[in-house]
Amino acid sequence: MFTSPHLNYGLLAPILIILAGALVGVGVEAFVRKTLRATVQLWVALATVLVAVVDLFIVRNQRSTTIAIDSVTFDGATVFMQGTILVLAFFALLLISDRGSFVAQASAIPGSQDEVSADLEGKSQTEVFPLTLFAISGMMLFPAATDLITLFVALEILSLPLYLMAGLSRRRRLLSQEAALKYFLLGAYSSAFFLFGGAFLYGYSGSLSLNGIAAAVAASAGNDIFLLLGIIFLMVGLLFKIGAAPFHSWTPDVYQGAPTPITGFMAACTKVAAVGAMARIFYVALSADLVQWRPIITVISIITMLLGAIAAMTTRDVKRTLAFSSIAHAGFLLIGIVALNQSGLKATLFYLVAYGFATLGAFSVVTLVRDSAGEVTDMNRWVGLGKKSPLIAGAFCLFLLSFGGIPLTSGFIAKFSIFTAAYEGGNTTIVVFGVLTSAIALFFYLRVIVLLFFTEPKSDAVSVSIPSPKVSFVLAASAIVTIVLGVYPSILLNTAQSFATFLR
Amino acid sequence: MSLLTLLELTPLLGAVLLYAVPRQNAKLIKQVAFGLSVVTLVVSGLMAYRFKTNATGMQFVESHSWISNFGIRYAVGIDGMALVLILLTTILTPIVFLAGWNEADNGRWSVRTFYVLMLVLESSMIAVFAATDVFLFYVIFEAMLIPVYLLIGGYGRGERSQAAMKFLLYSLFGGLLMLASLIGIYIISTNQIGGTFDLAKLATLQIDSGTENFLFLGFFIAFAIKAPLWPFHTWLPGAAKSATPATSVLLLGVLDKVGTYGMIRFCITLFPHATKTFTPLIIVLAIISILYGAFLAIGQRDINGLIAFTSISHFGFIVLGIFAMTSQGLSGATLYMVNHGFSTAALFIVAGWMVARRNSSQIEDFGGLQRVTPVMAWCFFIAGMSALALPGISSFVSEFLVLVGTFTRYPVAAIFGTTGIVLAALYVLITVQRSLHGPTTAGNEELKDLNLREKIAIAPVIAILILMGFFPKPILNWINPSSQQTMQAAGYSDPLPKAGK
């Protein structure tokens, strides 16, 4: 007999609201006049996210492990991560609404007559808004899910729209389509690994839920080889999503090829979701087996930090540089997982917010630096930007300094708290490596600053387009958050402290 | 709000005020900046007046919770040592403003930016000496690098961006090592007394010796880079050659003292056992610094490079005095920090004028300045005499104290150190002879002597150099109690003189 599942709609509401908003967006696509569509879509999307934030705020103190049978958990970490994703997504939507970045008609072959005429007709792919909302819903579900199937479904929901959106860049469309295809193929591959790992863990424990696996691990009930294989395969899927070495190779290409607002959205929000899910899996399901996975993640974290920091120096493209920087940050975030204590979770939550805002800010600067053909990401042409538009270049430097972890920026407090957590957990090695890598990473952040401020501009240098109110708003908000969290981090640290729990 | 916080805020207020002045009105900007630095000086004078010489412990204490999650507090307070270093800062800032009135005119950015950065730097230098919360100290220690970096890279000469970059990378690297140690000691405090960064509380921790050694090294290397001690000194000559005189004065005169100050305040206080372990090594490094700096100074052709290398030698003396672990040596080292500040200031300021007039910083381009520009030449001469520690000029007292303090515990080191004095005579006198005496080098006949503004700027420095040479007692009265406290807290007592030998 089939009993209908019990769903706690009150606590699922934030996700459901986003899904509803996405469906409304699909409706808008069908029923609203072409000229109005972009505006209506933006307002629908923004309103949806706002309503979801408000709803999340109302239910923030409720806790339950059974809001969708026992597949979704609503605990402190869920609230914090969903909140972070929603707030970051709100700003990302403002960037996305800047239509200059998107192709007029995605189905037109690059360079064809169709493309030119679509451009002339002023068409635009307003579907990005509902697609973004769908991705957001997946991102919100991913760190809340507590069984492997739901995790997999969430992973797919968040990934599919992103694959699509990565190919919508207006400029350099072939590069963009290549990026999308690469992201899709590798992403599908890694999802398969995730599923495969899930199967092994099911074989080991006889359960799909994280709690069931945890119980089996604690009792060491099954074959340890299956457990190890399960952990490793699961890890591959997750590490791919957060962009950790050696599964990072898609990151620079996709970051470069995707439309810049999408890159910003992806870099900020996907990281929150994937790191959140990874933390939940390792903290809840596998914490009893840390002897097996901790050394692996430690090594991966060190390799990722080093690789990100060193590879960033070799590239001359701003978006690729930011991609490598995001790889390095994935390594730093893994320190929070290695720490495996409450401070580690708190630090990770804080780190995600600090990193998310700095990333959005940095990519919003990238959307502004243009020449007549569109965005310019070649760093040689950013030379001397500080002289022409000191404010924009100054903001970019602020975000880089935050990435580098200079005191009085949010990035410093983030690194400090994550190192502290790891030290507290007895992982001094990773702290030492983290500190050394920070020094290497600083070198390339500073190199960019030198380029912007201390090098004389050349004749073919770019101009900075005057930011629209929306982009200015994103830029200002990111800068303010970066400074405020650096100078007075208690506001967020206390919140992160009280929300940093996983219900088991 | 204590007077100390007010003192920190005054230059910042000035920086904000500068934004109310129109960017084009350079003259008004300079006047406002100078005025505010004088106000700061007055406030610091008031603080020194109210400072109780005989009281033990920190004064003007203030403490507020800052980042409660990690037990981080905004905690400030000063003892005699911090007071004299703060006074050094507040006295030198208006002087360099006046001395380098026009040096911001040809920078990469506006005059206003220059003075904003300078005032921010002054404020952070006061704060760094005042901080009694180790985290607060670290944050300022790192954050103050940014204004210096911009000052060198934006207003300097020659290879300025490379020099600025090298300075920044070295300092940040040291800072990161210190961060690792900072986290380590914080975790130990969490386990023992509840997480705190309060200096006095951290000093009571029981740390096992292996960990203590590592934590000590993290702090020490950061400070040794800052000080700079051989072999961590390589950033200094480049920075000194490229920076403007005003920046150089604040960088070598005050900012680098944060390194030696940190060794006393943090290394010795927090890690007394590790200090004992590493003392022989550090003494050797100090001796090498003294001799290496002196030898390279003799070979220098660039006048700013010369001053940089003499500073490396002098910092060797300061470190020697600190790690001699006698209260005499420590008092001498602290006094040396102040004297070196004024002495370097005099050298850099006068050298800056010479370079600006001659448009070259090569020593060989000068010559016979005595006849052309007598006042400037005399100023340089007196500054040079203070660098070689001529009796009657302030540096002599401190060098003497350092060597006496060292001799009672490490006679061999003291003897090696003394040779540094001989070499100092050599590098100073050679330079004086080449640049001031002899026939006037072609092209120098038309050089102008100091104008009134420059005379007013240099007069107080020279007055201080001579006054403190004859009458160092008031400042020693401030310093002595804090050196004795530091020594006692670290568990050292002065060795008794070996009578009859």
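**Getting to know the model**

Trainee: What share of the 504 residues of chain A counts as buried?
Mentor: A residue is buried if 20 or more other C-beta atoms lie within 10 Å of its own, exposed if 12 or fewer, and partly exposed in between, with C-beta atoms placed from the backbone. Go through the 504 residues of chain A that way, and the buried share comes to 60%.

Trainee: What kind of model is this?
Mentor: Residues are numbered from 1 along each chain as its sequence is written, while chains are lettered from A and ligands numbered from 1 in the order in which they are written. Local features need pLDDT of at least 70, side-chain atom pairs count only at pLDDT 80 or more, and totals for chains, interfaces and linings use all residues; the model is predicted.

Trainee: What radius of gyration does chain A have?
Mentor: The radius is taken over C-alpha atoms, and the globule rule is 2.2 Å times the number of residues to the power 0.38. For 504 residues, a compact globule would come out near 23 Å. Chain A agrees with that, at 22 Å.

Trainee: How many helices and strands does chain A have?
Mentor: Helices (H or I, at least four residues) and strands (E, at least two) are DSSP runs, numbered from the N terminus. For chain A, that gives 20 helices and three strands.

Trainee: In what order do the three strands of chain A form their open sheet?
Mentor: Two strands pair if DSSP finds at least two bridges between them. Here the pairing is antiparallel, and β2 (374-375) and β3 (463-464) of chain A are the edge strands, each pairing on one side only. Between β1 (residues 369-371) and β2 of chain A there are two bridges. The order in chain A is β2-β1-β3.

Trainee: Which helix of chain A packs on the sheet?
Mentor: Contact here means that two residues have C-beta atoms, placed from the backbone, within 7 Å. Directions come from axes, lines fitted to C-alpha atoms (for helices over the stretch in contact), with angles from 0 to 180 degrees between N-to-C directions. The helix touches β1, β2 and β3 of chain A and makes about 15 degrees with β1(A); look for residues 342-368, helix α14.

Trainee: Why is helix α10 of chain A largely enclosed, and which elements of chain A are included in its cover?
Mentor: Seven of the eight residues of α10(A) (residues 250-257) are buried, so the rest of the structure largely encloses this helix. Among the buried ones are A:Trp250, A:Val254 and A:Tyr255. The cover includes α6 (148-166), α7 (173-205), α11 (260-285) and α13 (318-339) of chain A.

Trainee: Which element gives the largest share of the side of chain A that touches chain B?
Mentor: The contact takes 22 residues from chain A and 21 residues from chain B. On chain A, the elements giving two or more residues are α17 (410-424), α18 (428-453) and α20 (490-499). Nine residues, the largest share, come from α18(A).

Trainee: How do α1 and α4 of chain B run relative to each other?
Mentor: Helix α1 (residues 3-18) and helix α4 (residues 111-130) of chain B have axes 8 Å apart, at an angle of about 170 degrees. Angles under 35 degrees count as roughly parallel, over 145 as roughly antiparallel, 65 to 115 as roughly perpendicular and the rest as oblique. Therefore α1(B) and α4(B) are roughly antiparallel.

Trainee: Which residue of chain B is the bridge partner of B:Glu62?
Mentor: Six bridges join the antiparallel strands β1 (residues 59-67) and β2 (residues 72-78) of chain B. Their hairpin has four residues between the strands, and there B:Gly71 takes a positive phi near 65 degrees. The partner of B:Glu62 lies in β2(B), and is B:Val76.

Trainee: B:Asn359 has a positive phi although it is not a glycine; is B:Asn359 buried or exposed?
Mentor: Its phi is about 60 degrees, and B:Asn359 sits in the loop between α15 (327-358) and α16 (369-372) of chain B. With 8 other C-beta atoms within 10 Å, B:Asn359 is exposed.

Trainee: And B:Ala389, buried or exposed?
Mentor: B:Ala389 also has a positive phi, near 60 degrees, and is found in the loop between α17 (374-387) and α18 (394-407) of chain B. Its count is 25 other C-beta atoms within 10 Å, so B:Ala389 is buried.
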